[in-house]
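Here is a quick walk through a protein model, meant to be read with the structure open beside you. We'll start with the overall build and then go into the details.

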Amino acid sequence: MQPRALLRHSLRSSPSLAYPPVSRRVSSRAVQPAASAAPRADALPPAETTMADGAEFVRPHLRRLKPYTPIVPFEVLSAQLGRAPSDIVKLDANENPYGPPPEVLEALGSLAFPHVYPDPQSRQLRAALAADCGVPAEHLLVGCGADELIDLIMRCVLEPGEAIVDCPPTFTMYAFDAHVNDARVITVPRRSDFSIDVAGVAAAVEAHHPKLLFLTSPNNPDGSMLSAEDLAALLRLPVLVVLDEAYIEFSDQPSSMRLVQRHANLIVLRTFSKRAGLAGLRVGYGAFPLALVEYLWRAKQPYNVSVAAEVAACAALSNQPYLQTVRDALVRERGRLMEKLSTLPFLKPFPSHANFILCGLQNTHWTAKALKDELAAQGIMVRHYDKPDLCNFIRISVGKPEHTDALISGPLTVEITLR
């Protein structure tokens, strides 16, 4: 299947634009003034009030949409717990506790032109990313977080009623954005070890003819990797594969970004949130086949990446030794956290290639939510899961050594007290 055939008809038939876009001059003589002036506001008839409320204007499928449940903001969390932010051990959102390189704060403190709109093509950042990941800049597109790119891909590819394949448990934004775009979600659950059911995906593609397949490696929330063999098999299917590598830096496997130059049906997404500690500035990026990226340029918002975000991301990439040191520290602490969690009889931790560890509860009357709430009362935040595809689990982000120490003393105290 040619990648252009996966696009929405409205984008394929839209007038061709230069890529990347360039300005065009228009002769002033080509534009004629209107024949008559618009009516004065005071001459307009009064608005009729026949609608019950403004919700009547909203698309029906959005009126049925269940809202996404984000993590509680740090300031709100501090007020709810009655604790200063410095007294909270925040291990619930996979953020980087070390923060960005010092060059980032220096660059943000000396912005030259914050009053000027940002470069709509993020040229400086795309050039830095090309050097960083070994993919030519023309394949790269930057977004306000990888979340924006996920939605942009769906808006460019999916007609209402068309389908994606989702492999839960995984990042829930894939299904959420599909519902926002009025698409169907074909679910192919992961196996008990969280690996992809490749045969199940192939059967779903044959039966339902989806346009998009979303994969995450390492997968969130369990940290498992997609093997090169499974990726190769899935790329042979007639579907556009979106591989989300938000946590790839914490694994020992190389990124698959360079493969987009050889596979017309592969998109690879990455982010600055985890590796570079820039979650608050929202910078994501992706590598796309050239035949597809042209149309995403047409559809994306022109100023989607702020001046501050681009400057911060470029500054972060300028200090590779810092990024590597922080990555290595988190990987070491992941190993230490895994050892500590393995000693707790009521938790079953799963091996992880990311900056978090998923644990199932066992041999205890505790529920995941009860344990999460008790830890929160102690100022320790973790994520819990109580949905059918992942019931009675908690996910713990990897923090600094002192965060691990606080966490381990917390659950041990809780379990011993309430046995």
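## Overall build

The protein has 14 helices and 13 strands. Keep in mind that this is a predicted model. Of its 419 residues, 48% count as buried.

If you look at contacts between residues at least 6 apart in sequence, 71% of them join residues at least 24 apart.

## The nonpolar cores

In soluble globular proteins, nonpolar side chains tend to be buried together. Here, the largest nonpolar core has 48 residues. Leu125, Val201, Leu213, Leu215, Leu234 and Phe272 are the ones with the most contacts inside that core. Helix H11 contributes the largest share of this core, 7 residues.

Leaving aside residues up to four places away in sequence, Phe272 touches Leu125, Leu129, Gly277, Leu278, Val283, Tyr285, Ala313 and Leu317. There is also a second, separate core of 31 residues, and among its members are Ile153, Ala178, Leu212 and Phe214.

## Helix H7 and its cover

Helix H7 runs over residues 173-180 and is mostly covered, with 6 of its 8 residues buried. Which residues of H7 are the buried ones? They are Met173, Tyr174, Ala175, Phe176, Asp177 and Ala178. Ala178 is also listed in the second core.

Just after H7, Asp182 takes a positive phi of about 60°. Tyr174 turns up again in a ring cluster, where ring pairs link it with Phe171 and Phe214.

## Aromatic pairs

The count of aromatic pairs comes to 8. One of them is Tyr117 with Tyr303, a stacked pair at 4.8 Å centre to centre with 15° between the planes. This pair links distant parts of the chain, 186 residues apart: Tyr117 is in the loop between helix H4 (102-108) and helix H5 (123-133), and Tyr303 is in the loop between helix H10 (290-299) and helix H11 (307-317).

Another pair is Phe350 with Phe393, which is tilted: 6.0 Å centre to centre, 35° between the planes. Phe350 lies in the loop between strand S9 (347-349) and strand S10 (356-361), while Phe393 is in strand S13 (residues 390-397), 43 residues apart. Both of these phenylalanines are buried.

## A charge over a ring

Arg395 brings a charge to an aromatic ring. Its charged end sits over the ring of Phe356, 5.7 Å from the ring centre.

## Cysteines

How many disulfides does a search of the whole structure find? The answer is 0. As for individual cysteines, Cys133 has a relative accessible area of 10%, so it counts as buried. Cys144 is at 36% relative accessibility, so it counts as partly exposed.

Key:
Residues are numbered from 1 along each chain as its sequence is written. This is a predicted model: local features need pLDDT of at least 70, side-chain atom pairs count only at pLDDT 80 or more; totals for chains, interfaces and linings use all residues. Side-chain values use heavy atoms; hydrogens and water are left out. A disulfide is a pair of cysteine sulfur atoms within 2.5 Å. Buried means under 20% relative accessible area, exposed over 50%, partly exposed in between (1.4 Å probe, protein chains only). Rings of Phe, Tyr and Trp (its six-membered ring) pair if their centres lie within 6.5 Å; planes under 30 degrees apart count as stacked, over 60 as edge-to-face and the rest as tilted. Helices (H or I, at least four residues) and strands (E, at least two) are DSSP runs, numbered from the N terminus. A charge sits over a ring if NZ of Lys or CZ of Arg is within 6 Å of the ring centre and within 35 degrees of the ring normal. A nonpolar core is a set of buried Ala, Val, Leu, Ile, Met, Phe, Trp, Tyr and Cys residues joined through side-chain atoms within 4.5 Å. Contact means heavy atoms within 4.5 Å.
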